[in-house]
Amino acid sequence: MALDGCGQLCKCILILFNILFALVGFAMFGLGLWLRLSSQTRGFFNVDLNTQAFVIGVSVLIVLGAVILLVAVFGDYGACNENRTALGVFSCLLAILAGVEIVAGVLAYVRSDKVGEQLAEFYMTVYAQYVNKQDPSLTVTLSMFHNVLHCCGVVGALDLLVRKTCPDTSFLETLRLPACPTVILNLFESKAPLVMGLFLGTAAMLIFALVCSTLLSKEIQRSQSSPPPYILLSSSTVLSHPNPNQDPVFTPLPVIPVADAL
């Protein structure tokens, strides 16, 4: 059955949302697996000395990326096929993710110093291994850090060991690039409310998608429970003369469904 305007709008929003969601999940899951299975970083998972932050970071990438991919699959399947069961699973998983985002945002604000230290330690581990081995997976990870945080290495612009992974800027701007560990610590110390806002903003988008999923599910239920339309073949009545000596009798024509008429 056809959906009304609200149902169609929610369906389009969910399809677009889950396509973007799947791309994000695939990127996180792929990068996590790449770091986990790389010949240069595989040994980190066999020891727990000075690499705990790296192991935790890679594990979070893999698990969170897999969960996001799963959520996107259920969401797109439910929206495209108007399947209420898939939308129900999608809504439950989305609610869990939104709750995790809210908790993570609060923890990032309350324990900003600890989170900053862990992330800085993760960066230092990646940096040290890149300098020694220059594995492609570490190159991608360092480039993401440098371009997102607009920093370069552990000593700033003078760090020639990782210069090719730093932001591509002019010469004067390159000289002003700060060291990444300092940027990470300052980010969580001085801009903890901003970090929490990013987490809460992401949770708000997930809740918006959850509302759209709920509305679409209700529209699907309403459209499936509505009766089929009926039509009349011609006039609602027909004039018949069963007996010339009697008055004319008006007999109603039968009403049949559209499908039977076609």
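Which residues does UniProt list for "transmembrane region" in its unreviewed entry? The unreviewed entry lists residues 12-34, 54-74, 86-110 and 194-216. UniProt positions follow the numbering used here, feature names are shortened, and annotations may be inferred rather than shown by experiment. The model is predicted: local features need pLDDT of at least 70 and side-chain atom pairs count only at pLDDT 80 or more, while totals for chains, interfaces and linings use all residues. Residues are numbered from 1 along each chain as its sequence is written, and side-chain values use heavy atoms, with hydrogens and water left out.

**View 1. Two of the spans listed by UniProt, residues 12-34 and 86-110.** Residues 12-34 are 100% helix and 0% strand, with end C-alpha atoms 33 Å apart. Residues 86-110 are also 100% helix and 0% strand, and their end C-alpha atoms lie 36 Å apart. Helices (H or I, at least four residues) and strands (E, at least two) are DSSP runs, numbered from the N terminus.

**View 2. The salt bridge between glutamate 82 and lysine 11.** A salt bridge is a side-chain nitrogen of Lys or Arg within 4 Å of a carboxyl oxygen of Asp or Glu. By this rule there are two salt bridges. In this one, the closest N and O atoms are 3.3 Å apart. Glutamate 82 is in the loop between helix H2 (52-81) and helix H3 (84-110), and lysine 11 is in helix H1 (residues 5-37), so the pair ties together parts 71 residues apart in sequence. Glutamate 82 is partly exposed because its relative accessibility is 21%, whereas lysine 11, at 16%, is buried. Buried means under 20% relative accessible area, exposed over 50%, and partly exposed in between (1.4 Å probe, protein chains only).

**View 3. The salt bridge between glutamate 219 and arginine 222.** The N to O distance is 3.2 Å. Both residues lie in helix H8 (residues 192-225), three residues apart, which is about one turn of the helix. Glutamate 219 counts as buried at 14% relative accessibility; arginine 222, at 39%, is partly exposed.

**View 4. The lining of the largest pocket.** A pocket is an open set of points on a 1 Å grid over the protein atoms alone, where a 1.4 Å probe fits, with protein on both sides within 12 Å along at least five of seven lines; lining residues have an atom within 4 Å of a point. The lining has 43 residues, and Met28, Val60, Leu64, Leu119 and Phe199 lie nearest the centre. H1 gives the largest share, nine residues.
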